Amino acid sequence: MTVVQTPERTELGKFFQVSVRQFDADQVAPEMFSAAIDAEWHRLLDNQEYAEFCTRSAGRLINHVENNGYGRISWVDAYEEMFGSLPQVWFTGADGVLDERALARYRETGEVWAEWDCSPIPGDGGDVAPRASALAAG
């Protein structure tokens, strides 16, 4: 079977690499704010190639957990250090529509403020991602 490497799948792999870096540094789990990339994550979760994708992308299994919140996306600096600026796909909805205002705000400020509804957790039985309420209290 030939796997099509879409921008969403490429960015999901990078997100997993950032996630592993965050886990290894005992930092909060990254927030998945992109509806387009999250939709790809959900497609892969239901696929037998998911574990292989995780291992190829991040060297280990990455699990998925519900984790709702809104705020400054904590991992943007780590992503930029590793890969450069976030591409447009991060600001694209599951319907393929670009949120031009959010992209412009990111390009002007270097920050991303957004809602999210899930986060990665280590696939090795690690702790569940901290809830948004715990992040606000900390």
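In the predicted model, the largest nonpolar core comprises 34 residues, of which Phe16, Leu86 and Trp90 touch the most other members. Two or more residues of this core are supplied by each of the helices α1, α2, α3 (50-58), α4 (76-83) and α5 (100-109), and by the strand β2 (113-122). The largest share is that of α1, which gives 6 residues to the core. In soluble globular proteins, nonpolar side chains tend to be buried together.

When its neighbours within four places in sequence are set aside, Trp90 is in contact with Glu11, Phe15, Met32, Phe33, Ser34, Ile37, Trp75 and Tyr79.

Cysteine residues were considered next. The structure contains 0 disulfides. Cys54 has a relative accessible area of 0% and is therefore buried, the cut-off being under 20%. Cys118 is likewise classed as buried, because its relative accessibility is 1%.

A further feature concerns the backbone at Asp26. This residue is located in the loop that lies between α1 (7-24) and α2 (35-45). The phi angle of Asp26 is near 55°, a positive value in a residue that is not glycine. Most residues other than glycine have a negative phi. With a relative accessible area of 73%, Asp26 is exposed, because the value is over 50%.

Notes: Residues numbered from 1 in each chain as written. Predicted model: local features only at pLDDT ≥ 70, side-chain atom pairs only at ≥ 80, totals over all residues. Heavy atoms only, no water. Disulfide = S-S within 2.5 Å. Buried < 20%, exposed > 50% of the residue type's maximum accessible area, 1.4 Å probe, protein only. Helix = DSSP H or I, 4+ residues; strand = E, 2+ residues; numbered from the N terminus. Core = buried A, V, L, I, M, F, W, Y, C linked by side-chain atoms within 4.5 Å. Contact = heavy atoms within 4.5 Å.
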